[in-house]
Amino acid sequence: RVGNAIMTLLEKEDVDLAFDLHEASISYPVNNTYIVPSKCEDIALMSKMMLEAEGIDIGVEFSSESNKGYSHSNWGDVDGVYPFLIEVPTPFIERITGPLTQNTIIKGTDDFLVKVADKGYTGVPYDENGYPLEYRVGLHLTAVKKAVEIAGMFNFDLEIIANWPTIDDIEKNGIGSYINNQNSSESSAIYVNHGTF
């Protein structure tokens, strides 16, 4: 029912770009990745190339018929919708971590996962630096922003301006600096300068 409601919303609101932001375990083979149907391949591949030129490692995986039922496959069945699923590595959802601690959740560090990675059992590189929350949120926001910008280049009928913090901003300033302070008259919340997004 939830899936059907999302499909209905995409159609009713005439959505052009739809993003499903996921977190994957460290051992999951598809990570740091755009997952897209064939209609989005050009946008995803160009986004990947542009991000890699900026030093951000991200992959692209293409949906197959066996992916029916997943957002990145079914959302694309709605006329005019370009869907993207983005996976980022998240240690605390891994099944084979050591004790779950605040560091596992916030800093993305886990000593046992370092040993697992040393044995080659992870889908992404993993060391004592882990994958902190700033990296995970920042990668999602940066990957979405780049795809939105590239989609605007590919479709001259859309005027899209994406304006929110990137991974560099978030890693430098911390997530807290972008959260709206309810006790202040000033808002520092993340926002989008309108396209049809």
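**Close-up views of charged side chains and positive phi values**

**View 1. Asp14, a residue of the loop between α1 and β1.** At 57% relative accessibility, Asp14 counts as exposed (buried means under 20% relative accessible area, exposed over 50%, and partly exposed in between, with a 1.4 Å probe and protein chains only). The model is predicted, so local features need pLDDT of at least 70 and side-chain atom pairs count only at pLDDT 80 or more, whereas totals for chains, interfaces and linings use all residues. Residues are numbered from 1 along each chain as its sequence is written, and side-chain values use heavy atoms, with hydrogens and water left out. The loop that holds Asp14 runs between α1 (2-12) and β1 (17-24), where helices (H or I, at least four residues) and strands (E, at least two) are DSSP runs numbered from the N terminus. Phi of Asp14 is near 55°, a positive value in a residue other than glycine.

**View 2. A patch of negative charge on the surface.** Asp14 gathers here with Glu11, Glu13 and Asp79. Such patches are made of residues with over 30% relative accessible area and no salt bridge, like charges being joined within 9 Å; Asp and Glu count as negative, and the place of a charge is taken as CG of Asp or CD of Glu.

**View 3. Asn32, in the loop between β1 and β2 (33-36).** Although Asn32 is not a glycine, its phi is positive, at about 50°. Most residues other than glycine have a negative phi. Asn32 is buried, with a relative accessible area of 7%.

**View 4. The salt bridge between Lys48 and Glu52.** The structure holds 4 salt bridges, each defined as a side-chain nitrogen of Lys or Arg within 4 Å of a carboxyl oxygen of Asp or Glu. In this one the N to O distance is 2.7 Å, and because the two residues are 4 apart in helix α2 (residues 41-53), about one helical turn separates Lys48 from Glu52. Both are partly exposed, Lys48 with a relative accessible area of 21% and Glu52 with 36%.

**View 5. A network of salt bridges that links Glu54, Lys146 and Glu149.** The side chains of Lys146 and Glu54 meet at 2.8 Å, N to O. Lys146 lies in helix α6 (residues 133-154) and Glu54 in the loop between α2 and β3 (59-62), so this pair ties together parts that are 92 residues apart in sequence. Lys146 also meets Glu149, at 3.5 Å, N to O, and these two residues lie 3 apart in helix α6, about one turn of the helix. Lys146 is buried at 10% relative accessibility, whereas Glu54 is partly exposed at 47% and Glu149 is partly exposed at 31%.

Terms used:
Patches are made of residues with over 30% relative accessible area and no salt bridge: like charges are joined within 9 Å, nonpolar side chains (Val, Leu, Ile, Met, Phe, Trp, Tyr) within 5 Å. Accessible areas come from the Shrake-Rupley method with a 1.4 Å probe; for residues, only the protein chains shown count as cover.
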